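Subject: Structure handover

Hi,

Here is the structure I promised you. Please open it and keep it beside this email as you read.

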Amino acid sequence: MKLTLWTYEGPPHVGAMRVATGMKGLHYVLHAPQGDTYADLLFTMIERRNHRPPVTYTTFQARDLGGDTANLFKDAARDAYNRFKPQAMIVGASCTAELIQDDPGGLAEALDLPCPVIPLDLPSYQRKENFGADETFHQIVRALAKPMPRTEEITCNILGATALGFRHRDDVAEVTKLLALMGIKVNVAAPLGSTPAEIARMGQAHFNVLLYPETGESAARYLERSCGQPWTKVVPIGVGATRDFLHEVAGITGLSPKVDESGLRLPWWSASVDSTYLTGKRVFIFGDATHVMAAARIAATEIGFEVVGMGCYNREFARPMRAAAKAYGLEALISDDYLDVEDAIAAAAPELILGTQQERHIGKRLGIPCAVISSPVHVQDFPARYSPQMGFEGANVIFDTWIHPLVMGLEEHLLTMFREDFEFHDEAGASHHGAKATARTEAPVETAEASGGDIFEQMTPEDAPQMAEAAVLEAVALHWLPEAERELKKIPFFVRGKAKRNTESYAADRGVVAISVETLYEAKAHYAR
């Protein structure tokens, strides 16, 4: 744990809250100080839920630490059951409360409440949010799901979707439709949208579909051991992965993988003439491992981008991430430090970033367009419309989402190229407002003669040492001539920074102080070799 301005994952108890908030009939009693109630805002403000998370906080204060905080927890747990009457409860401690070692699980067991009470042991100072969600769901399944006879028709469970997940709501709906096309019904989708009673009958499904390994793999492995249910390994994000997923399900069930693909548009759109300018675009990908590995495959094989960097923030998936990066000739970046990520993106100089909300901010600082593909995300990435990432419709959504910033970037580049035109310069006003375009007069470039001759003729004796030093520094300072600056602005904005750095490096190596248009093109030819 460290102090930082930004974190990709919260502490484990936030992961437990994501599971509890996604479910119905489950209540979470969290032993936590008053300040830890901030997590409610993640769901009510960012995810725009119309109800608070089903969480009761003990909210002990500093003055309580000298007293009996254990009784505070027992009172909170008892009151929570009497008020909400849940089908089951989970109990645990936040990272702050973990330090006082009150043992919420043991305290809740002693209360002998008339519903299952599931204790959570989440090491707050060693693990993070996704682990918390995965372990919480795992413990709920261990406590409630039992082996039972299979359903007569082929059914499956869908595992891993939680509250505050990136497009989880729509992904579950899309995969459910996809499975229905194969003739498979969903027994239980959990934890998102499920109840403890429904989780208790998960054992009657024939197999499990794992959508998000970060938050559901432990439960899938447990159900395989305890209930004999196989689980899918392919995550259906992208056209190729969706087809592979259908064949994997067909191998488990014996059903045909052939489904209606008439609504799929990504393959033709990415191959069409209008999309040829996408080919070879350099892209840097960062986020959770599942979405990054899927995005790399789509970018390289389905749209035609060049993947120049990739990585993830969840260290539990470092090994598969490194293997995936190696296939593209890259070394994966495994880091939860956003400054490391920003440095890697700047060094790679991509034309597009695919990342989280943080990479959106990094892209703004570096002047590189960004599309969000992974949690953590902000409110704009919980759309009211249907917007899955999985299945064939998800592939269509991905195409639109990724191409939009490049199309807008192309428009911005064209406007920049013609910014000296009488119609498009900055003072001309917006054409769609009916503003009259006026020709812009160039501001004169001030010279020594225009400002009154040599600077040394205007200084006083007292100014001489300082003025002489300033003149020397100015004489040796690297600077761009006006014509070269105008030519630099014609370079696409998403590679302009790299072109500027390369040119300045080229000039400095050769002792050139004033960068001209000729210097710019000499540097371009040098680095092209």
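One definition comes first. A residue is buried when its relative accessible area is under 20%, exposed when that area is over 50%, and partly exposed in between. Keep in mind that this is a predicted model.

Start with Arg265. Is Arg265 buried, exposed or partly exposed? Its relative accessible area is 37%. Arg265 sits in the loop between helix 9 (239-253) and helix 10 (266-271), while Glu393 belongs to helix 15 (residues 391-417).

Next, look at Glu351 and Lys281. Their side chains form a salt bridge at 3.6 Å, N to O.

Now find Asp381 and Arg360. They also meet in a salt bridge, at 2.6 Å from N to O. Asp381 lies in the loop between strand 12 (370-372) and helix 15, and Arg360 lies in helix 14 (residues 357-366). They are 21 residues apart. Asp381 has a relative accessible area of 7%, so it is buried. Arg360 is at 18%, which also counts as buried.

How many salt bridges are there in total? The count comes to 17. Some link up into a network: Lys128, Arg315 and Asp336 are joined this way.

Setting aside neighbours within four places in sequence, Pro11 is in contact with Tyr38, Cys95, Lys128 and Glu129. Pro11 is placed in the segment before helix 1 (12-22). It has 15% relative accessibility and so counts as buried. The C-alpha atoms of Pro11 and Gln126 are separated by 9.3 Å, although the two residues are 115 apart along the chain.

Best wishes

Note on methods:
Residues numbered from 1 in each chain as written. Predicted model: local features only at pLDDT ≥ 70, side-chain atom pairs only at ≥ 80, totals over all residues. Heavy atoms only, no water. Helix = DSSP H or I, 4+ residues; strand = E, 2+ residues; numbered from the N terminus. Buried < 20%, exposed > 50% of the residue type's maximum accessible area, 1.4 Å probe, protein only. Contact = heavy atoms within 4.5 Å. Salt bridge = Lys/Arg side-chain N within 4 Å of Asp/Glu carboxyl O.
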